[in-house]
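Please keep the structure open while you read.

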Amino acid sequence: MSRVFINEWKRAINPSVILAVIGVGFCICFDSWNDLLSAMQSGNDVWCVYYFTSNSAFGGMCRSYILPVFATFPFAASFCEERNSRAVAYIVSREGMRKYGAVKYIVNALAGGMVVAAGTVLLILLLRMKLPMTSGYFETSVFNAADILHKWLAVYHPVRYLLLEAALGFMRGMIWAGAALFVSLYVTDRLVVIMFPFLGSYVVVRVSQILSLADNWRLDHILIGRTVIRDSGHTVMIAAIISGILVILLGSCFTKKLVRGLKDGIFYESK
């Protein structure tokens, strides 16, 4: 298992990872692009890192819909590529059906989570070189640990805030990368697989709005830092539990479906 994991991981760490990390950072920036340009040019101490991260979380289109796409860049389309090149039979004969599916899913989920977390952290660190973490406005308007958008953590524990943003981004990246890989069982077009999180995010948001779900019940809001349940610590714990369950269930379904398809011979040739 370890040998297979290492081989797949080497494939996942490719030049597209750099593009994905940069893309994640730009997605958060583009939600407040004009304000960011103003902050870089004016040097006014009103602007701060927390403003840009919270602003993108509170209704930012790029962070909500486009950012998940970059989680698919490293490895989500790998099964499509192997299927289209008719390399599946050779790889399965060498690695085994179940091991092939399980390792591919695990590597893909980790790679997707890694690029979202890394892109988020990199952006915050780059902004921090020019801007303070918080401004006087946020420092005077925070009241307790349950403040919305993790403001309290950003004001009093900026390092923990950075880790929180990274953790939430990692969970979100894992979910969407795993979902895109699952879709590749049904389609062989690489572009469709990569763009699936864009459509998936839109569907999740629309369904949540139609059902009038409360913010505390919306995982999409929790994972972009828009909703705080009790406090930041409880929010991360709840997000980790729900995300872990989703990732494991999706991985189990992917592996079972892949093994069944391999036994039936439907994945050995491209459509």
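Predicted model: local features only at pLDDT ≥ 70, side-chain atom pairs only at ≥ 80, totals over all residues.

1. Which residues line the largest cavity? They are Arg63, Leu67, Val116, Thr120, Gly169, Arg172, Leu223 and Ile224. Three helices each supply at least two residues of this lining: H5 (61-70), H8 (97-128) and H11 (158-183). By class, the lining of the largest cavity has four nonpolar, two polar and two charged residues.

2. Now take the second largest cavity. Its space is about 30 Å³. The lining is made of Thr53, Ser54, Ala57, Leu149, His150, Tyr161, Glu165, Ile224 and Gly225. Helix H4 (49-57) and H11 are the elements that give two or more residues here. The largest share, three residues, is from H4. Sorted by class, this lining has four nonpolar, four polar and one charged. Look again at Ile224: this residue is on the list for the largest cavity, and Ile224 is also on the list for the second largest cavity.

3. Next come the open spaces. The largest pocket has about 550 Å³ of space. How many residues line the largest pocket? The number is 25. Those nearest its centre are Trp176, Ser201, Val204, Leu219 and Asp220.

4. Which helix gives the most to the lining of the largest pocket? That is H12, with five residues. At least two residues each come from H5, H11, H12, helix H13 (219-223) and helix H14 (232-264). The classes in this lining are 14 nonpolar, seven polar and four charged.

5. Stay with H11 and H12, and look at how they pack. Two packed helices are described by the angle between their axes and the distance between the axes. For H11 and helix H12 (residues 190-210), the angle is about 115° and the axes are 9 Å apart. Their crossing is right-handed.

6. Which residues meet where H11 packs on H12? On the H11 side they are Trp176, Ala179, Ala180 and Val183. On the H12 side they are Val193, Phe196, Pro197, Gly200, Ser201 and Val204. By class, this contact has eight nonpolar, two polar and no charged residues.

7. Helix H2 (15-30), H3 and H8 give two or more residues each. This lining divides into ten nonpolar, two polar and no charged residues. H8 also supplies at least two residues to the lining of the largest cavity.

8. Trp33 sits in helix H3 (residues 33-42). Is Trp33 buried, exposed or partly exposed? Trp33 counts as partly exposed, because its relative accessible area is 32%, between the limits of 20% and 50%. Compare its position with that of Phe52. Trp33 and Phe52 are 19 residues apart in sequence, and their C-alpha atoms are 9.1 Å apart in space.

9. Finish with the backbone. Most residues other than glycine have a negative phi. Arg86 has a positive phi, near 60°. Where is Arg86? Its place is the loop between helix H6 (78-84) and helix H7 (88-95). Arg86 is exposed, because its relative accessible area is 54% and exposed means over 50%.

10. Arg230 is another residue to check. Its phi is near 70°, a positive value in a residue other than glycine. Arg230 is in the loop between H13 and H14. Is this residue buried or exposed? Arg230 counts as exposed, because its relative accessibility is 62%, and the cut-off is over 50%.

Notes. Residues numbered from 1 in each chain as written. Heavy atoms only, no water. Helix = DSSP H or I, 4+ residues; strand = E, 2+ residues; numbered from the N terminus. Buried < 20%, exposed > 50% of the residue type's maximum accessible area, 1.4 Å probe, protein only. 1 Å grid on protein atoms, 1.4 Å probe; cavity = no way out; pocket = protein on both sides within 12 Å on 5 of 7 lines; lining within 4 Å. Nonpolar A, V, L, I, M, F, W, Y, C, P; charged D, E, K, R; others polar. Points joined across faces, edges and corners; volume = space filled by probe spheres on them. Axes fitted to C-alpha atoms, helices over the stretch in contact; angles between N-to-C directions. Left-handed = near helix turned anticlockwise from the far one by under 90°. Contact = heavy atoms within 4.5 Å.
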